[in-house]
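Trainee: I would be grateful for a close look at a single part of this structure, followed by whatever else may help me to read the model.

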Amino acid sequence: MAFEIKEQKKDELHKSGNAILNNAKYSSDNTDEWYTTYDTIAEEVSHYQEQFNGKIVLCNCDDPYVSNFCYYFLRHFNQLQLKKLICTSYAGSKIDQIQNNSQLNFNLFDSDGDSVLLNQGYVLSVSKMPGKVGEEVSDETIKQVLANKQVVRKLLGSGDFRSDECIKYLEECDICCTNPPFSLFSELFSLLVKYDKQYLLIGNQNAITYKEIFPYIKENKAWVGYRFGDMAFRVPADSEPRKTRFWIDESGQKWRSLGNAMWLTNIDTQRRHQQLVLTQHYNPEIYPKYDDFDGINVRRVCDIPMDYDGIMGTPITYLKYHNESQFEIVGEANHGSDNEFDLFKPKVNGKELFKRILIRRKQNPMSAPKEFRVLDLFCGAGGLSWGMDKNPYFKTMVALDIDEKAAATFKKNMPETEIIVGDITDTSVKEKVVSLAQKKGVNMLAGGPPCQGYSMKGKKLGLEDPRNFLFREYLDLVKRLQPDVFVIENVKGLLLSANGWFKDEIVQTIKALGYIVTFDILNAADFGVPQSRERAIFICSKHGAIPLPKSTVSKRTTVRDAIEDLAYLESDEGDFEQEYITEPKSKYQIAIREGSRKLYNHKASNHKQIAIEKLKLIPPEQGKECLPEELYGNQKFKTTWGRLKWDDVSPTIDTRFDASSNGTNNHPFLNRAITPREAARLQSFDDKFIFYGSKVYIRKQIGNAVPPLLAKAIADQIAEYFDLK
């Protein structure tokens, strides 16, 4: 047997395709003689690769020598790690015609050496393909496999998928993947249901409304695949030309396309678990009721109102976006059929409309949540989650950060949270986040995309800094997960950067997603944090405007309140773990020590002697102005070499708080910079929150954190809005 695919023509083969939409002319319907392309198959199957692992695949309307279904699964046998591939042909197909227009040249013989005629049925069965797991099989290898006389055998009958002989192959398989004749689509579907098989089928969208199929759509036992709409097919040479959706390519091959083709499947897809984003509100003037049915007509899927609880008639394209947790399918409105779920003919003001899918909201998204299960994005060491989780109605279920050191600290302090380490721009990482968030029932997102590009300190990079666009990744997850509430936290420069461009785009995007947003700048010092730290806060809700929290303290917590009990270490003194050697001296210290039996992270930097000598020249609570000018060094900012003031709040803690020359980071009177524990106290972290890693990583974790008491105030405000008590 000779089987040849010319290498230089391989790309042309993929584009033009040799697969038969129905390898048999089962009826006079000319749509039973359409042929699909390799790319159509490859595009769809790529979404289900894991589900094919270890499975027996049956292509029971596909000639093994010319079907792109057969060719695709042979080529990807080892990538998909199939257990077996079975392909059957049907006597009477126009294979000879297709062969004459293809790049294939072959003489067929079965296992007995007899010639295989093109007008008889035969079967291909392959349980192993040469090559490595995970790699594509070459065309040369496929040629060698098909040359094996044991691979292809004559069938006893015609190869009709309804025959007893072919049904045995159906019973053996796990997944049926094929293009049945359109006229027999319902019969194949019924067989697959009868034998409880998974399937991936090409058909006409009209099949959705058939009485044999629609009940399974309604009960979420069948759903449409990823391609739902236009598909191109090759057609036989005797096909009559048409004015539309018909063309002839350079090789003389005739083509037709369908605008209402589809894949139908019962293999799970990621898309069917995504929430449909709703942005419109119900208005009786915009959404008319049907003449003979109590339901409203929705012209486009994007017009489905977020606040209507009755039955809505939507275009059939709604099925691309159906999420069974969001809507239930009530029935259909067609033009009359024997389908028991075809409830009425859709008419508005006497005008008959095209068929509609009838849906009803399964859960009213406007009903108030009773608790918040949080996804923390760009979580860092966990300040935001640590603070929010202080409110009993908040629990962080999933957290994501690209920094594995910060994630390790988060996990050790909050072990019940599922931590994902990875880049949010990586598709596989994002899919993992979405999947886990859905599994954990997440209904709130919180986080602050990296903020260095917005910072008011140092370079103002604005539109030139790619980090500034990570908010789009955050909002993409909002779109996909549809939480009740989400919170964005960032530096106040976000509101001003690029002349407010970022702020405007964020607000516009939030509103387009159907959320009401309130935002402003909050100072952490107004919520019991012993630090002046101004942050831009956005609270976004599906349930109305949630106001930002008001100040929770009448008197600000000072540096003395926060760290006076730790004022005993000199340069290079202290350790990662040690005993408390003083008693708490303020209410803040009593509260911050609660639950901690030992003192962690209280170790002073090992300053150079020249730095210590400079600090000796600076009186308590003073700064650089007390140094002789010749000792200023290269530091340009006025705040360098500054000491904290006992009876004031600390300035903003950054990631270099352990360097005496960096800013106002030095102890009020001791000749050293503050320790990580003192910095954590000024950020309002409890003493029982332990930071892990080297000095560089720990100061980054602390300096980049959201002050927990600020996070708690936001959570308390949200809980109060929803009257959670």
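Mentor: Asn-297 belongs to strand E11, which covers residues 293-297. Please keep in mind that the model is predicted. The relative accessibility of Asn-297 is 11%, so the residue counts as buried, the cut-off being under 20%. Its side chain is joined to that of Arg-356 by a polar contact of 3.2 Å. Beyond its neighbours within four places in sequence, Asn-297 is in contact with Tyr-287, Pro-288, Tyr-290, Gly-313, Val-348, Leu-353 and Arg-356.

Two further residues deserve attention for their backbone. Most residues other than glycine have a negative phi. Asn-220, although not a glycine, has a positive phi of about 60°. Asn-220 sits in the loop between helix H9 (214-218) and strand E7 (223-235). With a relative accessible area of 19%, Asn-220 is buried. Trp-641 is not a glycine either, and has a positive phi of about 65°. Trp-641 is placed in the loop between helix H17 (609-616) and helix H18 (676-682). Its relative accessibility is 4%, and Trp-641 therefore counts as buried.

Finally, consider a pair of helices. The axes of H12 (residues 427-439) and H13 (residues 470-481) come within 11 Å and cross at roughly 40°, so the two helices are oblique to each other. The crossing of H12 past H13 is right-handed. Among the residues making the contact are Val-433 and Val-434 of H12 and Leu-477 and Leu-481 of H13. By class, this contact of H12 with H13 comprises five nonpolar, one polar and five charged residues.

Methods
Residues are numbered from 1 along each chain as its sequence is written. This is a predicted model: local features need pLDDT of at least 70, side-chain atom pairs count only at pLDDT 80 or more; totals for chains, interfaces and linings use all residues. Side-chain values use heavy atoms; hydrogens and water are left out. Helices (H or I, at least four residues) and strands (E, at least two) are DSSP runs, numbered from the N terminus. Buried means under 20% relative accessible area, exposed over 50%, partly exposed in between (1.4 Å probe, protein chains only). A polar contact is a pair of N or O atoms within 3.5 Å; within protein, one must be able to donate a hydrogen and the other to accept it, and residues adjacent in sequence count only if both atoms are side-chain atoms. Contact means heavy atoms within 4.5 Å. Axes are lines fitted to C-alpha atoms, for helices over the stretch in contact, and angles run from 0 to 180 degrees between N-to-C directions. Angles under 35 degrees count as roughly parallel, over 145 as roughly antiparallel, 65 to 115 as roughly perpendicular and the rest as oblique. A crossing is left-handed if the near helix is turned anticlockwise from the far one by less than a right angle, and right-handed if clockwise. Ala, Val, Leu, Ile, Met, Phe, Trp, Tyr, Cys and Pro count as nonpolar, Asp, Glu, Lys and Arg as charged, and the others, Gly among them, as polar.
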